[in-house]
Amino acid sequence: MTDDRAWMARALQLAERGLYTVRSNPRVGCVLVKDGVLIGEGWHARAGEGHAEVNALGAAGERARGATAYVTLEPCSHFGKTPPCADALLAAGVSRVVAAMQDPNPQVAGRGLQRLRDAGVEVSCGVLQAEAEALNRGFIRRMRGGLPWVRLKLAMSLDGRTAMASGESQWITGAAARADVQRLRARSDAVISGADAVLQDSSALTVRAEQLGLEPALAERAAAAQPLRALIDGRLRVPLDARLFQQHGPTLVVCHHDQGRAGEWQAAGSELLALPGSAGQVDLQALLAELARRGCNEVLVESGARLAGAFWQAGLVDELLVYLAPTLLGSLARPLLELPLAQMAEAPRLQISEVRAVGEDWRITARPQPLDGHSKESKSGV
């Protein structure tokens, strides 16, 4: 119904308020409506705090009895850090529940909706489902496939170069594009980079409130919820006095072999993890699986051409974001990513989903187009 779509659209707007602060949990919004009037709304702001339904019920109070609840994700039916939301809705006397999508979490997966039906609540599911899934691609991927949603971020000149031959790259893009990248970091549960990029650029890989371009209070909350920094340093070349290790919060350093030095990183407040792959390289898929195990839904890869190419060749990139700057770096400059191809038949095809101006630059969003014509989303159910 038209009213259902309108109220669900409001619930989705609320869910987006958790975009930069929810870690490991999905972004969820809830609206309570009675006799066509909004009586309460809420969203999930942080893991461990009240879920969207509980916050909306708190706002509505006794008026919730006989109301309709519009929620962007199936109400949970299990005890986690908070009690089940399905039980809270029943206790409040809600008579109808409209969900945008079923929860992909195997602990829920339809059980919350069934509990409501069994108690006599009218239930419907699937209103604005595509929009709800887009908001939680990472959570869905992790629940169904055991891996996070991986975004690969790159910046290049009009002639497809990312840095001068010396490695100098600051700054190809303008301030607006850099603020956009800060927001990408802020919505990510982990940011992955490589030793080459960190050594060349003295990267911190942090979210900085003043650069987010958000309302001050939200910017502060986003900066407080820093993503995990994951440094791929196969040969442990980045020294512990590097800028990366001086930031608030721990850094996960991933190597091929820890050389018996894990204690050094632990003493410095970081963690050393050995994930040996072939040819002396780190096992990238094992890293993503480990990040998923730690609750990471969305991962941002910010690296040089070599590591970017390795992620791409391994088929681990879900989304490519390229910032295109109106400048030329010349034929001696470094390429976008290392991708050795011998003939046109090997050239990967991409599906461009968005091209938009970001200040003086352009941002191109694209996804891999598999040769068999079946997307990674269809295989994982995202």
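How many residue pairs are in polar contact between domain 1 and domain 2, counting pairs with both residues at pLDDT 80 or more? The count is six. Bear in mind as you look around that this is a predicted model.

**Domain layout**
- Residues 1-135 make up domain 1, and residues 146-368 make up domain 2.
- Between the C-alpha centres of domain 1 and domain 2 there is a distance of 34 Å.

**The contact surface**
- On the domain 1 side, 11 residues take part in the contact, and they meet 15 residues of domain 2.
- About 1,000 Å² is buried between the two domains, with 48% of it on carbon and sulfur atoms.
- Three residues stand out here: Tyr20, Arg23 and Ser24 provide 61% of the area that domain 1 buries against domain 2, more than any other three residues.

**Charged and polar links**
- Two salt bridges are counted between domain 1 and domain 2.
- Arg23 forms a salt bridge with Asp189 through their side chains, at 4.0 Å from N to O.
- Where domain 1 touches domain 2, its residues comprise four nonpolar, three polar and four charged ones.

**The cavity**
- One cavity of 30 Å³ or more is found.
- The largest cavity holds about 60 Å³ of space.
- Its lining includes Val22, Asn25, Arg27 and Leu135, along with the run Asn136, Arg137, Gly138 and Phe139.
- Asp189, the salt-bridge partner of Arg23, also lines the largest cavity, as do Asn297 and Glu298.

Terms used. Residues are numbered from 1 along each chain as its sequence is written. This is a predicted model: local features need pLDDT of at least 70, side-chain atom pairs count only at pLDDT 80 or more; totals for chains, interfaces and linings use all residues. Side-chain values use heavy atoms; hydrogens and water are left out. Domain bounds come from an automatic or database domain assignment. Contact means heavy atoms within 4.5 Å. Buried area is the accessible area (1.4 Å probe) that two parts lose on being put together, summed over both. A polar contact is a pair of N or O atoms within 3.5 Å; within protein, one must be able to donate a hydrogen and the other to accept it, and residues adjacent in sequence count only if both atoms are side-chain atoms. Ala, Val, Leu, Ile, Met, Phe, Trp, Tyr, Cys and Pro count as nonpolar, Asp, Glu, Lys and Arg as charged, and the others, Gly among them, as polar. On a 1 Å grid over the protein atoms alone, a cavity is a set of points where a 1.4 Å probe fits but cannot get out, and a pocket is an open set with protein on both sides within 12 Å along at least five of seven lines; lining residues have an atom within 4 Å of a point. Grid points are joined across faces, edges and corners, and a volume is the space filled by probe spheres set on the points.
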